[in-house]
Structure formats: C-alpha cells, structure tokens
Amino acid sequence: MTSKHYRRQRNKREKFIDEHFGDGYIVDEFVINRGHPNGAERHCIMNNGVIVIYNLISNVLVTKLLARPQQIKRYYENSGRKPPLEYEEILRLAREHNILGYNKL
C-alpha cells in the first residue's frame, strides 16, 4: 500500500529505482518523528543506497529516496548508533547517486 502523495507524485522515481536498483534489502531502520499529522515514520536504509520511508503506524509506503551521503551520515550521528558493515559501500553508492543527480528525481 502506498500514500496518495507517493502514487501521484513519485511514479517517475519509483520506476527509475525499480529499473536501476531493484528492491535491495534493509541494512538498518530508524524511527523518525518530525511532527507530521499522520505520525512518525520508519526510514529503512537499503543496501542499494535507497531510503524507503513508511508510516510507522499504518506501514503505508510514503516515499523512496536515492540517498545523499550526508543523509545517511545524519541517521547515525543523530541516533548515536554504530553504522553497519555495509555503511561504507552505501556511502559510496550515495556519492555516486549524488554525482549523477539521481537524488533530484
């Protein structure tokens, strides 16, 4: 299940991610609460450099992002958690995505 926002505005990004990166697998997750009316979110860091965001309560897919290196770094800096073994590879992919402008889709 996906949010209305995702269905209306993220089709191009979704298609690009599916065609070029596939599903990947979850390396780490963070609960993020920015005070959104629909509640907190679960941000999943994927091994392919994609961040998949779900509503924490409904588990509805909110969006998928092609991560920038600083985004990935902030998750760990803000949580105080130790990065997983895949961290450097995910940062490398995020740098590559950023250079290629993928994060602007």
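Which residues of α3 are buried? They are Pro69, Gln71, Ile72, Tyr75 and Tyr76, where buried means under 20% relative accessible area, exposed means over 50%, and partly exposed lies in between, with a 1.4 Å probe and protein chains only. This is a predicted model, in which local features need pLDDT of at least 70 and side-chain atom pairs count only at pLDDT 80 or more, while totals for chains, interfaces and linings use all residues. Residues are numbered from 1 along each chain as its sequence is written, and side-chain values use heavy atoms, with hydrogens and water left out.

The chain contains 4 helices and 4 strands, arranged along the sequence in the pattern α-α-β-β-β-β-α-α; helices (H or I, at least four residues) and strands (E, at least two) are DSSP runs, numbered from the N terminus. For 105 residues a compact globule would have a radius of gyration near 13 Å, and the value of 13 Å for this chain agrees with that; the radius is taken over C-alpha atoms, and the globule rule is 2.2 Å times the number of residues to the power 0.38. Along the principal axes, the C-alpha atoms fill a box of roughly 35 × 30 × 20 Å. Of the 105 residues, 42% count as buried, and among contacts (heavy atoms within 4.5 Å) between residues at least 6 apart in sequence, 44% join residues at least 24 apart.

In soluble globular proteins, nonpolar side chains tend to be buried together.

Returning to α3, its buried residues pack against β1, β2 (41-46), β3, β4 (61-66) and α4. One of these buried residues, Ile72, touches Ile45, Ile51, Ala67, Tyr87, Ile90 and Leu91, residues up to four places away in sequence not being counted. After α3 comes Gly80, whose phi is positive, near 75°.

In helix α4 sits Ala94, which is buried with a relative accessible area of 0%. With residues up to four places away in sequence left out, Ala94 touches Ala67, Arg68 and Pro69; the C-alpha atoms of Ala94 and Ala67 are 5.3 Å apart in space, although the two residues are 27 apart in sequence.

Strand β4 holds Leu66, which counts as buried at 4% relative accessibility. Its contacts, again without residues up to four places away in sequence, are Phe16, Ile17, Phe21, Gly49, Val50, Gln71, His97, Tyr102, Asn103 and Leu105. The C-alpha atoms of Leu66 and Leu100, 34 residues apart along the chain, are separated by 11 Å.

The loop between β3 and β4 contains Asn59, which has a positive phi of about 65° although it is not a glycine. At 41% relative accessibility, Asn59 counts as partly exposed.
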